[in-house]
Amino acid sequence: MALPDSLPLIPSPISATAGEGRLALMPGTLVHGCEAASATLIDAVERRTGTRLTTSDATDDAATTIALRVDPAAAAAEGYTLRVAESIEVVGADAAGLFYGVQTLLQLLCEDEDGWGWQRAEVADAPRFAYRGVMLDVTRHFFPVDEVKTVIDRAAALKFNHLHLHLTDDQGWRIEIDAWPLLAEKASTTSANGDAGGFYTKDDYREIVGHAASRHVTIVPEIDLPGHTHAIGVAYPDLVEEPVLNDELVRATEAWGQQLPVRGEPFTGWGVGHSSVRIRDERTYDFVRDVLTELAEITPGPYLHIGGDESLGTSAEDFAYFVERATAMVQQIGKTPVAWHEAGAAAEIATGTVGQFWGALKPSELHASEAAHFVARGGGLILSPSDTIYLDMKYDADYPLGLAWAGLINVRRSYEWEPTDMLDVPDEAILGIEGPLWTETVRTFEDADQLIYPRIAAVAERAWTPAGSPQLTWDSFRTRLGAMAPLWQADGIHFHRAAEIDWSPR
């Protein structure tokens, strides 16, 4: 039967049957099977309940047993089966599937007047999309390594498997590059609003990558080019053009009470579209090649994101020239290039380049054609409609955090959309979806929490749960979302208690 809304599972699984009652969590519970999955479960249960489970190589009739194992026949890739009866068994199709099964098991663990216990249930599950992403803008607001790792942990708990790190922008440069040392020394010291900056050493970045891999998350690093490059000029002024100060930029900057960009000086405002590297200078491509090569060497995942958005002061001819060279360079390095959808305007963009669409849910003809060109060139698409799942937009007009240029995005708007209805491309061309958090208005980690949660749960469900599932309704989702409150509180998440959700007190 369909999984009832009383079971607070997000994202909703393919199928589930609820059993009668609960299986009590006992101090003597034994966990046996996969060592990594066992450690994940034991640590999470202890953090939430104070009870530490015990590992064992064999079952014990005197104690509840949790068996965790991998069987490729159990489900499709990243899928799992789960059964909670008098004992518990989670079987993953692979290591990632077992990890996701454990996350579902943790959502079935709850407290009532009788104490902690597991809701009895049987679940069979696998993801809809292979790419399920969150983007973190670490440029406008710098997040230290431990905070990035926390974002990874929380994203993985909702079955996301990619973290896109926006490492460079006008406001700062966040990754150490040996061949160009002034980037870390001079271009990393500021953030938006004049806040403190920072950068990741290569060892920092390796630590982030390793932590992500332990949670089955792939890091997708982005070096935004050829625009959003003002910070490069703080370190190496000869690599960038003079800022292009169009009327809209001037008006917006005045309205925000911020300073206009000046080449070679740190920029802490929010304006976009004014910067560019020197596209016809060969030294620019020496720089780009060095940066991408060093980043590829410490990035085991398949993707390098080269940006390509909002190059408003760059001619169409120069933009296409740069994008074609940069995407070809990424392929020569041995990675798959990813670019924002504007890069689809380049006729000879490298074959197989992945496009990331950030236009509206009902796209303009131009944006739709740019996105379709990636598919025509043999690539796929990642969908991030800005008026639907941009996590930095305000919930309502009075909300103190976020911007509103793409619209106001409440939880319902972030949930009620269908990825395959957006663009005139084959369904199989859509690799998945990604919820970006841009950080112009973020000053603290709690600010980030408020913007990300609860809307990230809507992104998670759209990325995981198959189209046509009876649980893909607003009424079902809002009920299950409200029941997530105790779990999020236990994990220290400072989520926005959106008025459209009935939040559970426990």
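Helix 1 (residues 35–49) has 15 residues and, at 1.5 Å a residue, should span 21 Å; its end C-alpha atoms are 21 Å apart, which agrees. The expected span is 1.5 Å times one less than the number of residues in the helix. Helices (H or I, at least four residues) and strands (E, at least two) are DSSP runs, numbered from the N terminus. This is a predicted model, in which local features need pLDDT of at least 70 and side-chain atom pairs count only at pLDDT 80 or more, while totals for chains, interfaces and linings use all residues. Residues are numbered from 1 along each chain as its sequence is written, and side-chain values use heavy atoms, with hydrogens and water left out.

The buried residues of helix 1 are Ala37, Ser38, Leu41, Ile42, Ala44, Val45, Arg48 and Thr49. Buried means under 20% relative accessible area, exposed over 50%, and partly exposed in between (1.4 Å probe, protein chains only). Just after helix 1, glycine 50 takes a positive phi of about 85 degrees.

**The barrel**

A closed barrel of 8 strands runs in the order 9-10-13-14-15-16-17-18, with parallel pairing. From one strand to the next the twist averages 25 degrees. Two strands count as paired if DSSP finds at least two bridges between them. Strands of a sheet pair through backbone hydrogen bonds, either parallel or antiparallel.

Strand 9 (residues 131–137) and strand 18 (residues 430–437) run parallel and are joined by 6 bridges. Leucine 136 stands opposite leucine 437 in strand 18. Strand 15 (residues 336–340) is largely enclosed by the rest of the structure, because 4 of its 5 residues are buried.

Helix 3 (residues 145–157) lies across strand 9, strand 10 (162–166) and strand 13 (218–225), and runs at about 150 degrees to strand 10. Helix 5 (residues 202–214) lies across strand 10 and strand 13, at about 140 degrees to strand 13. Axes are lines fitted to C-alpha atoms, for helices over the stretch in contact (heavy atoms within 4.5 Å). Angles run from 0 to 180 degrees between N-to-C directions.

**The strand 7 hairpin**

A hairpin joins strand 7 to strand 8 through 2 residues. Strand 7 (residues 109–112) and strand 8 (residues 115–125) run antiparallel, with 4 bridges between them. Cysteine 110 of this pair stands opposite glycine 117 in strand 8.

**Charged residues**

A search of the whole structure finds 31 salt bridges. A salt bridge is a side-chain nitrogen of Lys or Arg within 4 Å of a carboxyl oxygen of Asp or Glu.

| Aspartate 112 | Arginine 22 | 2.9 Å |

Aspartate 112 lies in strand 7 and arginine 22 in strand 1 (residues 15–24), so the pair ties together parts that are 90 residues apart in sequence. Aspartate 112 is partly exposed, with a relative accessible area of 22%, and arginine 22 counts as partly exposed at 24%.

Arginine 206 and aspartate 203 both lie in helix 5, 3 residues apart, about one turn of the helix. Arginine 206 is partly exposed at 42% relative accessibility, whereas aspartate 203 counts as exposed at 55%.

Aspartate 387 counts as buried at 11% relative accessibility, while arginine 413 is partly exposed at 35%.

Asp137, Arg140, Asp169 and Glu440 are linked in a network of salt bridges.

Glutamate 370, in helix 10 (residues 365–376), is buried yet has no salt bridge; arginine 377, the nearest side chain of opposite charge, is 15 Å away. For charge, Lys and Arg count as positive and Asp and Glu as negative, and His and the chain ends are not counted. Leaving aside neighbours within four places in sequence, glutamate 370 is in contact with His341, Glu342, Gly344 and Ala345.
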